[in-house]
Amino acid sequence: MTETDASTSDGLDFAAATTEPVSDWTTDYDIFDPDYVADPFPIWDDLREGCPVAHTDRWQGSWLPTKYDDVVALARMVPELSSTDPIVVKPPSDDTSDPNAYSTVNAPPISSDPPVHTWSRRLILPAFSPKATEAHEPFTRQLCRDLIAGFIDRGSVDAAGEYAQQIPPRVIAHLLGVDPDRADDFVEWVNGVLGAGLSRPEVRQHYRTKIREFFMAEIADRKANPKDDLISELLAAEVDGEPVPDLHVAGTCNLLLVAGIDTTWSSIGAALWHLATHPADRQLLVDDPSKLDNGIEELLRAYAPVTMARVVKEQTEFQGVTFEPGDKILMNFPGANRDPEAFENPDVVDLERQRNRHVAFGVGIHRCAGSNLARLEMQVAIGEFLAAIPEFRLADGAEVTWAGGQVRGPRKLPIVF
Amino acid sequence: MKIIVDSEKCEGHNRCYALAPDLIEVDDYGYASAIGDGTVPPEHAEAAQLAVDNCPEYAITIES
Ligand code: HEM
Ligand code: SF4
């Protein structure tokens with residue numbers, strides 16, 4: 001579900017998913033329920049105590065673990081659990097003779113299992129190492145400063161739409177070597193896949209096809225004119241002496257666009273929401289910017305945005321329940337991060353927390369490959385914002401809206417300063 | 001006191017590298033290892049403990 005404009009340039013319906021009220025969260029939860037989207041924390045707390053692995057038949061059925069140890073154990077359960085279908089609501093039924101079939105656009109490595117996962121992840125890791133990531137800092141910092149300069153004199157801004165949402169599409173464009181002026185298109189496409197598309201498979205398919213076509217054209221262009229960018233690098237790479245197929249490169253670019261944008265703007269937005277509503281925390285970071293690094297980790301823990309799914313391959317007993325082949329399991333990293341058995345006072349946001357093994361970026365073999373870049377973007381985005389605008393709060397009567405389901409973050413965040 | 005990174009467990013979160021850059025190095029793929037033989041000088045003992053306490057994979061240990 002997403003709160004962006006209900007109509008898009010392609011005329012598809014982006015309105016929030018329609019849901020029936022939930023009376024029993026243990027057997028009938030709904031990840032698109034407006035209460036769950038707005039404030040899932042008390043729901044997870046109740047489930048953790050009474051029913052740590054909940055089940056629902058809604059949205060084609062899924063399981064929802066809420067304890068840290070369970071989520072971590074499930075994330076490590078390879079190959080019993082597969083990553084081939086990380087979104088709960090299934091894609092439209094596939095006609096593989098159709099060149100636009102959903103399954104022709106994969107998203108390796110997030111949608112892959114070993115052995116394909118192993119080499120397709122290794123292919124992109126060097127582009128996201130700490131050293132490679134540092135190279136994107138000047139670009140990111142200048143981008144944030146320019147965005148702030150565009151609204152600072154106004155005294156008010158939608159910090160989600162006009163700031164958080166503007167940063168990751170341009171950083172990813174810069175990284176991939178594609179036109180940053182297409183940022184508005186990227187935002188729409190990504191909303192189509194991970195926003196509205198989560199509950200509407202036909203919307204998801206439409207935008208996946210669009211993204212694939214875009215990258216196939218970029219790939220054709222790089223083959224003719226190689227550049228100093230990640231697309232050219234992926235095309236030049238070899239695995240076992242063979243070049244990587246074009247569709248694989250397009251799939252990985254698709255993933256980097258989708259995984260790199262929605263997630264990061266959600267985290268930047270949630271961090272700004274927290275700072276707009278918790279003046280003491282804001283002051284702490286203004287007074288001592290050296291606390292930003294640790295503070296960002298705590299904000300990632302408290303407001304982790306991403307809940308990908310696994311699909312069960314072999315019947316598996318787990319904590320008293322039986323997963324059957326085909327069942328979906330939500331990797332509830334955000335819920336794990338609020339487990340009192342893993343974190344002292346988990347519902348207190350303590351920007352100076354010292355022990356923080358949070359799993360906002362997942363855990364195990366699918367650990368977010370872009371985590372260093374995401375951290376850089378958050379540190380620069382929040383650091384620059386606080387340096388330019390040390391005092392801000394929610395606008396009077398502000399209607400903050402959140403997107404949720406499998407990626408949670410604010411979509412409208414009106415603040416004044 | 002020595003810091004030890006279990007390369008079987010490390011998934012490259014790089015928290016240790018951010019928290020204890022004097023003790024940890026990372027390769028081109030982001031996987032961590034201890035610098036040198038892992039000896040932790042007293043002034044870096046706190047950083048070593050932070051690295052242990054923030055690795056989501058429980059890949060780091062300290063040996064006294
Ligand atoms: C704060 C922002 C972000 C968060 C919270 C986040 C979270 C996650 C999570 C939880 C996973 C694991 C999914 C699973 O276990 O199935 C993941 C995977 C991934 N993320 Fe991120 N992500 C963020 C930003 C980024 C960025 C900026 C990029 C790159 C441009 C990126 C690229 C990836 C890739 C490539 C994977 C797949 C790794 C694999 O399957 O081996 N992410 N992310
Ligand atoms: S924090 Fe842990 S998993 Fe991450 S790089 Fe260090 S040792 Fe590896």
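Which residues are closest to ligand 2? The points below start there.

1. Ligand 2. The shell of ligand 2 holds 13 residues, the closest being B:C10, B:H13, B:N14, B:C16 and B:C55; a residue is near a molecule if one of its heavy atoms lies within 4 Å of it. By class, the shell has seven nonpolar, three polar and three charged residues. Here Ala, Val, Leu, Ile, Met, Phe, Trp, Tyr, Cys and Pro count as nonpolar, Asp, Glu, Lys and Arg as charged, and the others, Gly among them, as polar.

2. Basis. This is a predicted model, in which local features need pLDDT of at least 70 and side-chain atom pairs count only at pLDDT 80 or more, while totals for chains, interfaces and linings use all residues. Residues are numbered from 1 along each chain as its sequence is written, chains are lettered from A and ligands numbered from 1 in the order in which they are written, and side-chain values use heavy atoms, with hydrogens and water left out.

3. Interface of chains A and B. In chain A, 24 residues are in contact with 20 residues of chain B (contact means heavy atoms within 4.5 Å). The two chains bury about 1,900 Å² between them, and carbon and sulfur atoms give 44% of this area; buried area is the accessible area (1.4 Å probe) that two parts lose on being put together, summed over both. On the chain A side, A:P130, A:R357 and A:R367 lose the most area to chain B, together 30% of what that side buries.

4. Salt bridges. Three salt bridges are found across the interface of chain A and chain B, a salt bridge being a side-chain nitrogen of Lys or Arg within 4 Å of a carboxyl oxygen of Asp or Glu. A:R76 and B:E57 meet through their side chains in a salt bridge, at 2.8 Å from N to O.

5. Helix α15 of chain A. Ten of the eleven residues of α15(A), residues 292–302, are buried, so this helix is largely enclosed by the rest of the structure. Buried means under 20% relative accessible area, exposed over 50%, and partly exposed in between (1.4 Å probe, protein chains only). Helices (H or I, at least four residues) and strands (E, at least two) are DSSP runs, numbered from the N terminus. The buried residues of α15(A) pack against α3, α13, α14 and α17 of chain A, together with α1 of chain B.

6. Helix α5 of chain A. The buried residues of α5(A) are A:H117, A:S120, A:R121, A:L123 and A:I124. Seen down the helix axis, they fall within an arc of 150°, so they line one face of α5(A); the arc is that of the directions from the helix axis to the C-beta atoms. Their packing partners are α12, β5 and α13 of chain A.

7. Backbone points to check. Most residues other than glycine have a negative phi, and most peptide bonds are trans. The bond from A:V78 to A:P79 is cis, with omega near 10°, and A:P79 sits in the loop between α4 and β3 of chain A. Another cis peptide bond joins A:P114 and A:P115, with omega about 5°; A:P115 lies in the loop between β3 and α5 of chain A. A:Q319, not a glycine, has a positive phi of about 45° and is exposed, with a relative accessible area of 53%. B:Y58 also has a positive phi, near 50°, and is partly exposed at 46% relative accessible area.
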